[in-house]
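Visitor: Please show me the sequence and the model. I would like to go through the side-chain contacts and the backbone.

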Amino acid sequence: MRAVVQRVTSASVVVDGRTVGAIDEPGLLVLVGVTHDDGPGEAARLAAKLWGLRILSGEKSCSDIGAPLLVVSQFTLYGDARKGRRPTWQAAAPGPVAEPLVDAVIAELRKLGARVETGVFGADMKVHLVNDGPITLVIDI
């Protein structure tokens with residue numbers, strides 16, 4: 001699994017003109033991509049990493065201060081543009097494989113006590129954010 005994690009002061013996801021997920025206080029926006037050999041173990045490890053990641057103000061984590069997370073599926077994180085001008089998506093897991101694993105990350109975060117907002121899997125989403133810092137990390141599990 002791969003995640004792009006951004007420390008934000010606020011973030012939201014809009015689908016068809018309607019806000020489907022939003023955080024309006026400091027927290028993390030997490031874009032999650034799934035590849036073919038990922039499974040529930042990777043989902044659990046990613047959730048634990050996100051919950052304990054100390055990148056919020058004062059080197060705090062979401063678990064330290066109860067900060068919210070906005071988790072958005074993003075198959076394009078496994079795009080490969082090394083050759084030519086058009087990326088390939090061969091490393092991205094297909095929707096029927098990826099969707100349950102993104103849901104597993106969200107469920108694991110909630111089991112840990114996180115407040116989690118989400119996008120809509122497979123939808124054309126408009127993601128709005130105010131990156132704080134800016135701080136952006138790429139995490140591979």
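Guide: Start with exposure: buried means under 20% relative accessible area, exposed over 50%, and partly exposed in between (1.4 Å probe, protein chains only). This is a predicted model, in which local features need pLDDT of at least 70, side-chain atom pairs count only at pLDDT 80 or more, and totals for chains, interfaces and linings use all residues. Residues are numbered from 1 along each chain as its sequence is written, and side-chain values use heavy atoms, with hydrogens and water left out.

Visitor: Is F75 buried, exposed or partly exposed?
Guide: The relative accessible area of F75 is 48%. That value lies between the cut-offs of 20% and 50%. F75 is therefore partly exposed.

Visitor: How are the rings of F75 and W89 arranged?
Guide: Rings of Phe, Tyr and Trp (its six-membered ring) pair if their centres lie within 6.5 Å; planes under 30 degrees apart count as stacked, over 60 as edge-to-face and the rest as tilted. The count comes to one aromatic pair. The centres of F75 and W89 are 5.4 Å apart and the planes stand at 70 degrees, so the pair is edge-to-face.

Visitor: How many residues apart in sequence are the parts that F75 and W89 tie together?
Guide: Helices (H or I, at least four residues) and strands (E, at least two) are DSSP runs, numbered from the N terminus. Both F75 and W89 lie in the loop between β4 (69-73) and α3 (95-112). The pair therefore ties together parts separated by 14 residues.

Visitor: Which residue forms a salt bridge with R2?
Guide: A salt bridge is a side-chain nitrogen of Lys or Arg within 4 Å of a carboxyl oxygen of Asp or Glu. By this rule there are seven salt bridges. For R2, the closest N and O atoms are 2.7 Å apart, and the partner is D140.

Visitor: Which strands does the pair of R2 and D140 link?
Guide: The two residues are 138 residues apart, so this is a link between distant parts of the chain. R2 is partly exposed at 24% relative accessibility, and D140 is partly exposed at 48%. R2 sits in strand β1 (residues 2-15) and D140 in strand β6 (residues 125-140).

Visitor: Is R7 buried or exposed?
Guide: R7 forms a salt bridge with D132, with the closest N and O atoms 3.4 Å apart. This pair also links strand β1 to strand β6, 125 residues apart. D132 is partly exposed at 23% relative accessibility. R7 has 13%, which means that R7 counts as buried.

Visitor: Which helix holds both K111 and E108?
Guide: Their side chains meet in a salt bridge, 3.4 Å from N to O. K111 is exposed at 65% relative accessible area, while E108 is partly exposed at 24%. The two are three residues apart, about one turn of the helix, and that helix is α3.

Visitor: Where is P134?
Guide: The peptide bond from G133 to P134 is cis, with omega near -5 degrees. The place of P134 is strand β6.

Visitor: What is the phi of D16?
Guide: D16 is found in the loop between β1 and β2 (18-23). D16 is exposed, at 79% relative accessibility. Although D16 is not a glycine, its phi is positive, about 55 degrees.

Visitor: Which loop holds E59?
Guide: E59 is a residue other than glycine with a positive phi, near 55 degrees. Its relative accessible area is 55%, so E59 is exposed. E59 lies in the loop between α1 (40-52) and α2 (62-65).
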